[in-house]
Amino acid sequence: MSPSITVRHGDASVQLDAGATALQALKALEAIRGAIVAAQVTLPDGTARQWDLDRPVPDDVEVAGIAADTDEGRAILRHSAAHLMAQAVTDLFPGAKWAIGPPITDGFYYDFDVERPFTPEDLERIEARMHELARERQRYVREEVAREAALEEFADQPYKTAIIELVDDGTILSAVDVGGDDEQAGADGAEGAGGEPTFTVYRNVRPGGEVAWSDLCRGPHVPSTERVPAFKLLRSAGAYWRGREDQPMLQRIYGTAWESKKALKAHLELLEEAKRRDHRKLGRELELTHHPDELGPGLSIFLPAGALVRKQMEDWIRDETLARGYVPVYTPHIAKEDLWRISGHLQNYAELMYPGMELDDSASAYRLKPMNCPFHILAYTSRTRSYRELPLRIAELGTVYRYERSGVVNGMLRARGFTQDDSHIFCRADQVVDEVVDCIEFARDLYAAFGLGEPSRVAVSTRPDDKSIGTDEQWQYAERALMQAAERSGYDYQIDAGEGAFYGPKIDIHARDAIGREWQLTTIQVDFNLPERFDISYVGDDGAKHQPFMVHRALFGSIERFFAVMVESFNGAFPTWLAPVQVQLVPVAADFLGYADEVAGRLRATGVRVEVDASDGTLGNKIRAAQTSKVPYTLVVGASEAEAQTVAVRPYRGDQRKDVQVEAFVAEVVAEIAEKRPREHG
RNA sequence: GCCGAGGUAGCUCAGUCCGGCAGAGCAUCCGCCUUGUAAGCGGACGGUCAGGGGUUCGAAUCCCCUCCUCGGCUCCA
């Protein structure tokens, strides 16, 4: 008579023979809905853990299936895909050493130490081999092994033994961090006999029982290789072991894996769509921006069309900033090195600053500004400040220059010269939370105005582990203030531990674009440090001097980055109020140029940005030119229109309308433009 | 900075492996056409083949260095 266990799912409960697997339990409980990749087991003490379907479940637990088409389920099947890839690499490149292979957003990677970097042809071979292995229906078999046995088994895998060693000195958590979303280390908690950690090894077992491959891994995995239904290898790249430059460079292969071929296809199409929308490509095609080699990496020229879009953005933020009680300033691009010594930038930020400009007749070098804050402090200290003036919100569109390392510059998303819609709010300690809440609401309004909807994520970044200045008390106060503000603004927020700036913690606000990608845009930082370093003060109602807090905030973040996000999110087809050219006049033949000019003039008189196509191309040719330029409205005019004082309206999106009265169209487009600009200039 | 892939006309790309007159389409300009909703026809213009050095009778092509771009590591607005 074998002992029995009890398992539950919701209200259901059932008794099973001891040794029953998670899959058997779920079947007995009739708890399987759709495709599942693993189980979630909630132990009697309330902790929930992911569990292999073929792994026996303990007594008195709650079990549930993890569906393949959830984030959690995809992470598991991607992790299994990473194993499959490592096995294929091992087959094709004998002697390859494996490091870690976690699932990441939308995919997975695995790092290898191999003789030579992988070529695109290698990736094709590896992927083909993965398909063969998947068809073999190898089972992923979990096995717990003692530390010594693990060390022995992976004696010829230095990175695996290093992971095991990391558990020993208690730094396994840092190894987990290296792995990103998840990690490969098989440390399954310090639960082994005698306090020794127990490791788990996953073996890929062929139907005949032969062990094809084994990896140290925390799991769980899908039950068998054919349960990784759709995958594709995307690219290879160098990556440092443990992400540290003093460590060997490994070869990383990125792949993506999905619960179905359909989902994979949809993802690959999204990648293609992203490529089509790339702001560098559209910027060139639509003549928005220019990045000639002579200019230098990370620097941009805004051509007239791009500049008009940017002007709309700047007008919006300038007007809105003034309306919300900020005051404007203008500051220079360079300043004496001493300023940056006082601010602490030279000590904490030097590697991101351009080198000093030495001048013969000056005792001090000058530096390009990487941030605007010291200048705004100088604006603050231009005279004695009273508590009655606080909060004092100083704002500027300030262009900063940062010497980003050559490998990290990325179009306008990560640039060396960029403009922040920067503001520094000087306030009393008790005003910090209110000010941060206002900033979050301001950011929300901005995202809405520019068509990004609600923020997708709010994250509070806390004190960095390494470089930072200030006392624990100051950091705690500031971090608490940010969390309180985040709570009051009603957003769920997450904590990014150790991701703060060197001078204080911050809130970052992210948004999703039209094709679902997430961008970090707004940043709000609380600073107690610069006020101290510059010894700034205000006179309180007690007549004594007090030190204010500073809130740094940039809502667009970087105008260039936000511009790039706009280009990509709108696919270059801007809403009318942002579009560089709002209306394109197309005469059907040269005879009607006069009437086209007349209509254009009436539009221009109301402030609409309008152009007339005076080329001698065919009508089809001119229509095509208008469409490919993505102008919101094309107006076709010929004899009948001139006669009746009408236009034929061809919107970029939507159906064309004929015989629209000119005055009606003007009123329509003017209203549309006004509507998209909640606070029109003037 | 490190690893990999690239750089040919304003744009998109052939030609590079295997050294032998530098090409196509689009754009631009000129001419013809006088047009009714996504490319009319013809011609012209346009190149230090990223830059420099080397090998060679001869280099876009092979070798070396530098710059720049792309994808990553890392970082970040």
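Trainee: What kind of crossing does α9 make as it passes α13, left-handed or right-handed?

Mentor: Happy to. The crossing of α9 with α13 is right-handed (the near helix is turned clockwise from the far one by less than a right angle). This is a predicted model, in which local features need pLDDT of at least 70 and side-chain atom pairs pLDDT 80 or more, while totals for chains, interfaces and linings use all residues; side-chain values use heavy atoms, without hydrogens or water. Residues are numbered from 1 along each chain as written, with chains lettered from A and ligands numbered from 1 in written order.

Helix α9 spans residues 304-323 and helix α13 residues 432-449 (helices are DSSP runs of H or I, at least four residues, and strands runs of E, at least two). Their axes come within 12 Å and cross at roughly 145° (lines fitted to C-alpha atoms over the stretch in contact, with angles from 0 to 180 degrees between N-to-C directions). From α9, Trp-316, Ile-317, Glu-320 and Thr-321 meet Phe-442, Asp-445, Leu-446 and Ala-449 of α13 (contact means heavy atoms within 4.5 Å). By class, that makes five nonpolar, one polar and two charged residues (Ala, Val, Leu, Ile, Met, Phe, Trp, Tyr, Cys and Pro are nonpolar, Asp, Glu, Lys and Arg charged, the others, Gly among them, polar).

Now for the surroundings. RNA strand B has 58 residues around it, and the closest are Arg-235, Asp-293, Arg-414, Leu-619 and Glu-641 (near means a heavy atom within 4 Å). Of the RNA atoms that come within 4 Å of the protein, 54% belong to sugar and phosphate. Arg-650 has a side-chain N or O atom 2.9 Å from a sugar or linking oxygen. Elements giving two or more residues to this surface include β12 (230-240), α8 (279-285), α18 (619-628) and β31 (646-651), with the largest share, seven residues, from α18. By class, the surface near the RNA has 19 nonpolar, 22 polar and 17 charged residues.

Two backbone details are also worth a look. Gly-219 and Pro-220 are joined by a cis peptide bond, with omega about -5°, and Pro-220 sits in the loop between β11 (211-216) and β12. Leu-390 and Pro-391 are likewise joined in cis, with omega about -5°, and Pro-391 is in the loop between α12 (373-380) and β19 (392-401).

Definitions and conventions. A polar contact is a pair of N or O atoms within 3.5 Å; within protein, one must be able to donate a hydrogen and the other to accept it, and residues adjacent in sequence count only if both atoms are side-chain atoms.
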